[in-house]
Amino acid sequence: MNTAPVEEPRWLSDEEQRVWRAFVHAATLLEDHLDRQLQRDAGMPHIYYHLLVQLAEAPHRRLRMTELAMRMKITRSRLSHAVARLEKKGWVRREDCPSDKRGQFTVLTDQGFGVLEEAAPGHVAAVRQAIFEQLSPDQQKALGEAMGLIAEGLQPKEAGADLPWLR
């Protein structure tokens, strides 16, 4: 039987609760705003756009599936489903890894790159309108610093961590 003392939860203060709820509200609205814009203007959800960007920025517009899952912060299963959908559109293709029989690359096709080039201006305008036009330069800097600290704190450093791209 476990006899360790039970710690009381450390509840959020009223101000912390206000900040937390504002963050969740804004993050939810922002993701919906970007998703609707991309669906309307480019016929793709935000996650597919982000996937195409990751490939476009990679050397030779190709990444191993495991690396792409890590960059996307999603499970391999979710990535595989997304890549299959993008393959059907002709925007990406898979290639076997010559040095590893189990490994695969995802490659951004010329058609996929063209779709990304067409979608990018509208997406950037939506991001600029939703975030940067709402904040002063000092607020933008503070937001970037805060999000960087939060992301760093959430990135597990120990071996064997339960990470989405390892599932």
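Is His60 buried or exposed? At 71% relative accessibility, His60 counts as exposed. The close-up views below, drawn from a predicted model, begin with this residue.

**View 1. His60 and Arg61 in the loop between α2 and β1.** His60 is placed in the loop between α2 and β1 (62–64). Arg61 lies in the loop between α2 and β1 as well. Most residues other than glycine have a negative phi. His60, by contrast, has a positive phi, near 60 degrees, and is a residue other than glycine. Arg61 is not a glycine either, and its phi is positive at about 55 degrees. His60 counts as exposed because its relative accessibility of 71% is over the 50% cut-off.

**View 2. Two arginines over phenylalanine rings.** Arg61 from the loop between α2 and β1 lies over the face of Phe113, at 4.6 Å from the ring centre. The face of Phe105 has Arg62 lying over it, and here the distance from the ring centre is 4.9 Å.

**View 3. The aromatic pair Trp20 and Phe23.** The structure holds 1 aromatic pair. Its members are Trp20 and Phe23, which are stacked, with 6.0 Å centre to centre and 25 degrees between the planes. The two residues are separated by about one helical turn, because they are 3 residues apart in helix α1 (residues 14–42). Trp20 is partly exposed, with a relative accessible area of 46%. Phe23 is also partly exposed, and its relative accessible area is 37%.

**View 4. The largest pocket.** This pocket has a volume of about 1700 Å³. Its lining consists of 37 residues, and those closest to the pocket centre are Phe23, Ala27, Leu30, Ile131 and Met147. Two or more lining residues come from each of α1, α2, α3, α5 and α6 (137–154). Helix α1 accounts for the largest share of the lining, with 10 residues.

**View 5. The largest nonpolar core.** Nonpolar side chains tend to be buried together in soluble globular proteins. In this model the largest nonpolar core has 26 residues, and the ones with the most contacts inside it are Met44, Leu51, Leu52 and Leu79. At least two core residues are supplied by each of α1, α2, α3 (65–72), α4 (76–89) and α5 (110–132). Helix α2 gives the most to this core, with 6 residues. For Leu51, leaving aside neighbours within four places in sequence, the residues in contact are Leu68, Met72, Leu79, Ala82, Val83 and Leu86. One of these partners, Leu79, is itself listed among the core residues with the most contacts.

**View 6. Gln54 in helix α2.** Gln54 is placed in helix α2 (residues 46–57). Gln54 counts as buried because its relative accessible area, 12%, is under the 20% cut-off. Apart from neighbours within four places in sequence, the contacts of Gln54 are with Leu63, Leu68, Arg71 and Met72. Leu68 and Met72 are also among the contacts of Leu51.

**View 7. Ala126 in helix α5.** Ala126 is found in helix α5. This alanine is buried, with a relative accessible area of 7%. With neighbours within four places in sequence left aside, Ala126 is in contact with His33, Leu34 and Gln37. Leu38 is 88 residues apart from Ala126 along the chain, and the C-alpha atoms of the two are separated by 9.2 Å.

Terms used:
Residues numbered from 1 in each chain as written. Predicted model: local features only at pLDDT ≥ 70, side-chain atom pairs only at ≥ 80, totals over all residues. Heavy atoms only, no water. Helix = DSSP H or I, 4+ residues; strand = E, 2+ residues; numbered from the N terminus. Buried < 20%, exposed > 50% of the residue type's maximum accessible area, 1.4 Å probe, protein only. Contact = heavy atoms within 4.5 Å. Phe/Tyr/Trp six-rings, centres within 6.5 Å; stacked < 30°, edge-to-face > 60°. Lys NZ or Arg CZ within 6 Å of the ring centre and 35° of its normal. Core = buried A, V, L, I, M, F, W, Y, C linked by side-chain atoms within 4.5 Å. 1 Å grid on protein atoms, 1.4 Å probe; cavity = no way out; pocket = protein on both sides within 12 Å on 5 of 7 lines; lining within 4 Å. Points joined across faces, edges and corners; volume = space filled by probe spheres on them.
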